[in-house]
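Student: I would like to understand how the terms used for a structure follow from their definitions. Could we go through them one by one?

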Amino acid sequence: MLRKLLIGTALASGLAFAAHAEDVKEVQMLHWWTSGGEAAALNVLKQDLAKEGYAWKDVPVAGGGGDAAMTALKAMVAAGNYPTASQMLGYTVLDYAAAGVMGDLTETAKKEGWDKSVPAALQKFSVYDGKWVAAPVNVHSVNWLWINKAVMDKIGGAEPKTFDDFIALLDKAKAAGVTPLALGGQNWQEATMFDSVVLSTGGPEFYKKAMNDLDDASLKSDTMKKSFDNLAKLVTYVDPNFSGRDWNLATAMVIKGDALVQVMGDWAKGEFHAANKTPGTDFLCYRFPGTDGSVIYNSDMFGMFNVPDDRKAAQVALATATLSKSFQSAFNVVKGSVPARTDVPDTDFDACGKKGIADLKKANEGGTLFGSLAQGYGAPPAVANAYKDVVSKFVHGQIKTSDEAVTELVKAIDDAK
Ligand code: GAL
């Protein structure tokens, strides 16, 4: 019996060896990086892999925030047609891992020492049941303002430190005839902005309780109601054509000086970078007023599926390239994010990137690093979707009052849990 087993094993490894000789030299990647800045960042990866002889099979699914991409991924996985990897956000990785369809990169992780270089906040979502199932690409954070410097000078504005300062600044832009706030009326953009509003309104502890722990009393509280009041105020500064606008078009309004400011994750900086704009000269990056010291993060991960043996070498090549120090610097400089490893020098990053790296370190050490609920790091997808839906209905007037918004939010999150 044992002999039979051994022969079986020998045969299997022989077969594995034979298959290895015909490794598929192709990386098939599903992602939602279709804006100018995103595509430029992705090119860095394509080029690195091309140097190693891997062809790139692109599966782009447009739609910031990735909802459409995740629908497409679900269909592929259901059909047993796994991509080499897919861009994914935190809790989605864990969902697929729980479903048993992810591969295992632990051997590569050990060899490369990811345990030591990748922050624990990311390992929580890239390691499942002791196995590495995803390669973190970056750390984005959402509590930022992106401001056109020329417009700021024209209206004589200064960095807003509090929510009230922010409102006063928006008023100045309005008085000067510039659209104060560039927003795309899509639920994920509205909810991404609301993450910052909640942190600013309630402070770090409140954000954590409400948006990560889903604490009922916090979700029902007057502070949450006040957060919706503040969101309602912001929405009065948006131009009438905001419904359905893509996030990068909202960024373009700021780049061109058609609007003063966008509240958006630092992927917006990728658009400024692609347009050859320099922080301090052409644009300004400030933390969302009242949130300095805290970081609301998300991280793009390349989720690795349990692909057939002849496609595993490509997966290892992709993961190794992704977490190499040089790639982490080169890619994130273009993407607007910061490295997913703690040992990458900030030398090549611009002023906003350097601030992003320093802020992340400080927040991580000080216990003020929180997952973005809008961006897949606060709660599982069903809860995040319920949240996005309620916030969006409020912004578009289908939910009329802050009281009603709080009631709907509590109910929707309860149902989704
Ligand atoms: C986020 C993602 C970013 C950026 C953004 C807009 O979910 O983490 O990398 O691409 O969507 O598409």
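Student: Which residues are the closest of those that surround the ligand?

Tutor: The ligand is surrounded by 15 residues, with Glu38, Asn298, Asp300, Lys335 and Gln375 as the closest; a residue counts as near if one of its heavy atoms lies within 4 Å. This is a predicted model, in which local features need pLDDT of at least 70 and side-chain atom pairs pLDDT 80 or more, while totals for chains, interfaces and linings use all residues. Residues are numbered from 1 along each chain, and side-chain values use heavy atoms, without hydrogens and water.

Student: Why is the ligand said to lie between domain 1 and domain 2?

Tutor: Because domain 1 (2-140 + 298-360) and domain 2 (141-296 + 371-416) both give residues to the shell, the ligand lies between them; the bounds come from an automatic or database domain assignment.

Student: Why is the disulfide of Cys285 and Cys352 called left-handed?

Tutor: A disulfide is a pair of cysteine sulfur atoms within 2.5 Å, and those of Cys285 and Cys352 are 2.2 Å apart. The torsion about their S-S bond is about -105 degrees, so the disulfide is left-handed.
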